[in-house]
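Trainee: Could we go through this model together, one question at a time?
Mentor: Gladly, let us have a look.

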Amino acid sequence: MEFWAGAYDEDLSYRELERACGNDPRTALRLVAELSTNWLSRGLAGEAARAAGRVLDALGPAVPAGLEEEYLLAVLLAPGTSDQKQLELAQRVALELDHFHYPMTVLLWAALFGPFETVEVVEEVLARNEGAGDAWTRAAVQLCRGYPGLSGGDARQESAALETALARFRMLGDQWGTFLVLTAMADVSDMPLELVSEALTLASELELAEDAALLLCRRADLYRRQGDLEAARNDYGSALLVAERVRLLETAAAARIGLARIARYSGDLPTARKYAEAALTGCPGDLPEAREEAQHELAAIESASIPGPQRPAAP
């Protein structure tokens with residue numbers, strides 16, 4: 001049984017949170033902490049950030065007595081909406097607590113604050129939580145130790161930590177933890193296709209639509225570089241369908257650019273131009289990198305359209 005499994009009524013939880021924000025911010029803060037695992041494990045990081053941000057606005061720059069970790073976790077869930085004072089308070093709390101009680105705290109702290117601390121501080125926090133935590137937390141600590149450069153280990157030690165984390169999450173039967181490790185391992189693997197495919201299967205089973213769309217694009221890129229254009233086209237197409245369904249504009253643009261590139265490699269320049277133009281049209285101004293990539297692909301298509309001996313670039 002996965003550690004976060006259980007009945008979950010999203011509408012009821014949001015109604016409770018709305019009432020608590022207006023009447024009792026302390027209760028709202030506890031509710032955000034209790035719901036954090038459900039939100040993140042279900043791909044609802046945006047909802048978690050909005051809820052945490054609202055509670056932090058109600059609380060202001062003060063840590064409620066007895067709710068130190070809950071305050072830290074809210075800041076970790078919504079770092080983009082927290083002001084500098086709240087970030088400083090949260091980091092102080094993280095270093096003063098004996099250990100964390102909520103499953104998400106150690107993961108989010110390591111990912112968001114860990115890179116700005118010394119490796120000695122990071123390892124102290126991880127060791128403290130490994131010694132006091134349950135089996136899931138101990139697996140999560142190994143995942144954190146596998147992040148490149150975070151805890152001071154070399155590539156061999158980081159790889160061993162990820163392997164340990166993977167074995168522990170699998171032993172627990174925890175799909176989400178397994179998914180997190182597989183995506184981390186794919187970032188550093190010389191042969192990531194198998195890892196990405198397994199992570200994609202889990203993302204689909206867990207209904208993590210945003211992660212699935214990103215992984216489909218990632219696997220399509222790998223297929224394209226291997227020269228398997230048909231497999232790449234299928235994955236880009238699937239990624240586009242998912243991204244359009246859940247309104248992921250940047251991922252949709254990446255999928256369209258990938259489809260344009262595959263069409264250009266195949267010599268189908270009208271189709272390539274159609275996808276590249278659609279990618280550019282669908283990119284708002286706040287996605288400059290996607291717009292630049294779409295413009296670059298359009299330039300490559302135009303270059304390939306010029307009569308002469310040149311041919312579309314190879315994958």
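Trainee: Is Arg-261 buried or exposed?
Mentor: A word on conventions: this is a predicted model, in which local features need pLDDT of at least 70, side-chain atom pairs count only at pLDDT 80 or more, and totals for chains, interfaces and linings use all residues. Residues are numbered from 1 along each chain as its sequence is written, and side-chain values use heavy atoms, with hydrogens and water left out. Buried means under 20% relative accessible area, exposed over 50%, and partly exposed in between, with a 1.4 Å probe and protein chains only. Because its relative accessibility is 12%, Arg-261 counts as buried.

Trainee: Which residues does Arg-261 touch, not counting those up to four places away in sequence?
Mentor: Arg-261 sits in helix 14, residues 249-265. Helices (H or I, at least four residues) and strands (E, at least two) are DSSP runs numbered from the N terminus, and contact means heavy atoms within 4.5 Å. With sequence neighbours up to four places away left out, Arg-261 touches Arg-224, Glu-293 and Glu-297.

Trainee: How many helices and strands does the protein have?
Mentor: The secondary structure comes to 16 helices and 0 strands.
Of the contacts with a separation of 6 or more, residues 24 or more positions apart account for 58%.

Trainee: What share of the 315 residues is buried?
Mentor: Let me start from the surface, using the Shrake-Rupley method with a 1.4 Å probe, where for residues only the protein chains shown count as cover. The accessible surface comes to about 15300 Å², and 52% of that belongs to carbon and sulfur atoms. Among the 315 residues, the buried share is 48%.

Trainee: Which residues have the most contacts inside the largest nonpolar core?
Mentor: In soluble globular proteins, nonpolar side chains tend to be buried together. A nonpolar core is a set of buried Ala, Val, Leu, Ile, Met, Phe, Trp, Tyr and Cys residues joined through side-chain atoms within 4.5 Å. The largest one here has 91 residues, and those with the most contacts inside it are Trp-109, Trp-176 and Phe-179.

Trainee: Which helix gives the most to this core?
Mentor: The contribution in question is 9 residues, from the helix spanning residues 209-226. Apart from this core lies another, of 10 residues, including Ala-260 and Ile-301.

Trainee: How many residues apart are Trp-136 and Phe-169?
Mentor: Trp-136 lies in helix 8 (residues 135-145) and Phe-169 in helix 9 (residues 155-172), so the pair links distant parts of the chain. Trp-136 counts as buried at 4% relative accessibility, and Phe-169 is buried at 0%.
Mentor: The stacked pair has 6.5 Å centre to centre and 10° between the planes. Its partners lie in helix 8 and helix 10 (residues 175-188), so the pair ties together parts 40 residues apart in sequence. The partner, which counts as buried at 6% relative accessibility, is Trp-176.

Trainee: Which residue's ring does Lys-274 lie over?
Mentor: A charge sits over a ring if NZ of Lys or CZ of Arg is within 6 Å of the ring centre and within 35 degrees of the ring normal. Lys-274 is placed at 4.7 Å from the ring centre, over the face of Tyr-275.

Trainee: What is the phi of Glu-207?
Mentor: Most residues other than glycine have a negative phi, and most peptide bonds are trans. Glu-207 lies in the loop between helix 11 (193-205) and helix 12, and is exposed, with a relative accessible area of 66%. Although Glu-207 is not a glycine, its phi is positive, at about 60°.

Trainee: How many disulfides does a search of the whole structure find?
Mentor: A disulfide is a pair of cysteine sulfur atoms within 2.5 Å. Cys-144 is buried at 0% relative accessible area, and Cys-217 is buried at 7%. The number of disulfides found is 0.

Key:
Rings of Phe, Tyr and Trp (its six-membered ring) pair if their centres lie within 6.5 Å; planes under 30 degrees apart count as stacked, over 60 as edge-to-face and the rest as tilted.
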